[in-house]
Amino acid sequence: MATIVERKRKNGSTGYLAQITRRGYMKPESRTFDTAKAAKRWADKREDEIDQDIAAGLKVQKRTSKRRTLGDAIDRYIKEDRRGMGATKTQVLRTIRDEYDIAKMPCDQIRSNDISKFANELWQRPRVNSAATVNNYLQHLSGVFSVANALWGFALDEIEMKRAMKALGQVGTRGKAKERDRRPTLAEVDKLMAHFRNSGAHDPRAVPMDIITAFAIFSTRRQGEICRIKWADYEPDEGLNETRVLVRDMKHPGDKEGNDTWCTLPDPCRDIIDAWSRRNHDSDRIFPFHSDTVSRRFTDACKFLGIEDLHFHDLRHEGTSRLFEMDWNIPRVANATGHRSWNSLKRYEHIRAKGDIYEDWSWLVKLT
């Protein structure tokens, strides 16, 4: 039973303190009211809520915690993240908050089956229904579950998220994306180069996609990295033949910001940059273009030329494969690609050394 105690306030008025205690289940809760009747009404209702939680085997939560929803937790997480949350993660979390019913649920009521229901809703969504996409959504959401209680007192249960993810993985609703092994043929690359050269011949403002495409292959750099490289981060060293570049904020699953890495630039990257420098003098970046524009131009060109299932990121795979075909060992390749773990490069172990298929490539003369 709650205890109600009459007390004199500092201003001389009378207040009624209602206090509820459940040893072993919760910390004492108390509120002060102007009348004994109001104090008893609150205590009776609150005790009923507490007893229901205890009977159901739930952790007793304060009313303020119960009113907080997953959507509230997501908003707080986005607002207070100081590591530089990526655009993709931010967009995914906002989509969950705005478009899915789980975001409206009180934090303390969310269980593994609710998370499972949300995952199945994702699976049924057009253009989202893949185990890899579901996994990405859950991985981003799990970050909210892992910190919301400890930092802000939001009653999200991290164990419930882990239980759901384990079960969803066992039935195949979530899973890792399959590694792509698509490599462009030399004929496909030639078609792309000719298309880019012709389309930009009469427009000096056009993105030099022929140069960027070739640089992507030989450097093994991602499109976003290529567009971020600054002249100040470029170090040609003709004497040692160890041209290198500082790749800022390199993509890494654990580090979203500040992951700056020095990478060697294999031949003929230096010649490509030197030739391009004679045309580009007005920017602190070597390739001062938006990565989204580069991606869109590449995708549009593939559609126009009838080149199927080729992504710009496949050029990184092509460039990495080329280095192994040139008989580079894993440590040397990792210095170029920026892979922290050599295990990530084991997928290339089957590639046999057969020389550089781009050694006599006609486009190198045109580019340099």
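Helix α14 (residues 330-337) has five names on its buried list: Ile330, Val333, Ala334, Ala336 and Thr337. Here, buried stands for under 20% relative accessible area, exposed for over 50%, and partly exposed for anything in between (1.4 Å probe, protein chains only). Helices (H or I, at least four residues) and strands (E, at least two) are DSSP runs, numbered from the N terminus. The model is a predicted one, so local features need pLDDT of at least 70 and side-chain atom pairs count only at pLDDT 80 or more, while totals for chains, interfaces and linings use all residues. Residues are numbered from 1 along each chain as its sequence is written, and side-chain values use heavy atoms, with hydrogens and water left out.

Looking down the axis of α14, its buried residues fall within an arc of 160°, so they line one face of the helix; the arc is that of the directions from the helix axis to the C-beta atoms. Among the elements covering these buried residues are α9 (209-219), β6 (261-264) and α13 (314-325). Contact, by the way, means heavy atoms within 4.5 Å. Both ends of α14 are worth a look. After α14 comes glycine 338, with a positive phi near 90°.

Next come the cores. A nonpolar core is a set of buried Ala, Val, Leu, Ile, Met, Phe, Trp, Tyr and Cys residues joined through side-chain atoms within 4.5 Å. The largest one has 42 residues, and those with the most contacts inside it are Phe215, Phe218, Phe287, Phe298, Phe312 and Trp361. Elements giving two or more residues to this core include α8 (186-199), α10 (223-228), β5 (244-247) and α12 (291-305). The largest share, 8 residues, comes from α9. Phenylalanine 312 is in contact with Met209, Ile212, Ala216, Gln223, Ile226, Val294 and Phe298, leaving aside neighbours within four places in sequence. There is also a second, separate core of 32 residues, which includes Leu93, Ile96, Phe118 and Met165.

What about disulfides? The structure holds 0 of them, a disulfide being a pair of cysteine sulfur atoms within 2.5 Å. For cysteine 227, the closest cysteine sulfur is in cysteine 269, and at 15 Å that is too far for a bond. Cysteine 263 is in no disulfide either, with the nearest cysteine sulfur, again that of cysteine 269, 11 Å away. Cysteine 227 is buried at a relative accessible area of 4%, and cysteine 263 is buried at 0%.

Serine 112 sits in helix α5 (residues 112-123) and counts as buried at 15% relative accessibility. Not counting residues up to four places away in sequence, serine 112 touches Glu160, Arg163 and Ala164. Glycine 24, in the loop between β2 (14-20) and β3 (29-33), is exposed, with a relative accessible area of 82%.

Finally, the chain as a whole contains 15 helices and 6 strands, and buried residues make up 44% of its 368 residues. Its radius of gyration is 29 Å, whereas a compact globule of 368 residues would have one near 21 Å; this radius is taken over C-alpha atoms, and the globule rule is 2.2 Å times the number of residues to the power 0.38.
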